[in-house]
Amino acid sequence: MKYQYTSQEKEKIISNFMEQGKVVKVPAKEKKKYILLDEFVNRFEEGKIYTDKEINFELLTMYPVEEYVEQRRYLITFGFFERTNDGSQYWLNSKK
């Protein structure tokens with residue numbers, strides 16, 4: 001699943017839902033969640049394998065603790081990352 005958006009939309013979402021690089025409130029609409037996660041994945045390198053712990057750590061630096069598990073699921077649902085069946089390894093989706 002991929003949403004199209006303008007740079008103005010992205011700036012507005014970031015200013016409405018983030019402060020000092022952290023999400024202060026997770027939006028209800030999926031497109032807005034997508035935009036925030038698209039910003040989040042800039043922290044990762046193409047071709048590198050990440051552990052579940054590394055993904056969780058990064059999510060917790062940007063999202064409230066009660067939200068990180070749902071956002072991790074959205075990373076897969078939205079196609080930003082692929083992962084092993086057991087969820088132990090993640091990597092950026094090169095088809096994104």
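These are my notebook entries on a predicted protein model.

**Ground rules**

I number residues from 1 along each chain as its sequence is written, and side-chain values use heavy atoms, with hydrogens and water left out. Since the model is predicted, local features need pLDDT of at least 70 and side-chain atom pairs count only at pLDDT 80 or more, while totals for chains, interfaces and linings use all residues.

**Entry 1: overall layout**

I looked up the secondary structure first. The protein has four helices and five strands. I take both as DSSP runs numbered from the N terminus: helices are H or I with at least four residues, strands are E with at least two. From the N terminus on, I read the order α-β-β-α-β-α-α-β-β.

Next I checked the dimensions. The C-alpha trace spans about 35 × 30 × 20 Å along its principal axes.

**Entry 2: surface, burial and charge**

I looked up how much of the chain is covered. Of the 96 residues, 38% count as buried. Buried means under 20% relative accessible area, exposed means over 50%, and partly exposed lies in between (1.4 Å probe, protein chains only). The protein exposes about 6000 Å², and carbon and sulfur atoms supply 47% of that. These areas come from the Shrake-Rupley method with a 1.4 Å probe; for residues, only the protein chains shown count as cover.

Then I turned to contacts, meaning heavy atoms within 4.5 Å. Among contacts with a separation of 6 or more, 55% join residues 24 or more positions apart.

**Entry 3: aromatic pairs**

I looked for ring pairs. Rings of Phe, Tyr and Trp (its six-membered ring) pair if their centres lie within 6.5 Å; planes under 30 degrees apart are stacked, over 60 edge-to-face, and the rest tilted. By this rule I count twelve aromatic pairs. One is Tyr3 with Tyr34, edge-to-face at 5.4 Å centre to centre and 70° between the planes. Tyr3 lies in the segment before helix H1 (7-17) and Tyr34 in helix H2 (residues 30-40), so the pair ties together parts 31 residues apart in sequence. Tyr3 is partly exposed at 24%, whereas Tyr34 is buried at 2%.

Phe44 and Tyr50 form another pair: their centres are 4.8 Å apart and their planes at 85°, so the pair is edge-to-face. Phe44 is buried at 9%, and Tyr50 is buried at 6%.

I also found a cluster. Ring pairs link Tyr3, Tyr5, Tyr34, Tyr74, Phe78 and Phe80.

**Entry 4: helices H2 and H4**

I listed the buried residues of H2: Lys33, Tyr34, Ile35, Leu36, Leu37, Asp38 and Phe40. Their cover includes H1, E1, E2, helix H3 (52-62) and helix H4 (68-77).

In helix H4 I picked out Leu75. Leu75 is buried at 0% relative accessible area. Leaving aside neighbours within four places in sequence, Leu75 contacts Leu37, Phe40, Val41, Ile55, Leu59, Phe80 and Phe81.

Gln71 is found in helix H4 as well. Gln71 is buried, also at 0%. With neighbours within four places in sequence left aside, Gln71 contacts Val26, Leu37, Leu59 and Tyr63.

**Entry 5: two loops**

I checked backbone angles at Gln20. Most residues other than glycine have a negative phi. Gln20 is not a glycine, yet has a positive phi of about 50°. Gln20 sits in the loop between strand E1 (18-19) and strand E2 (22-23). Gln20 is exposed, with a relative accessible area of 85%.

Last, I looked at Gly87, in the loop between strand E4 (81-83) and strand E5 (89-92). Gly87 is buried at 13%.
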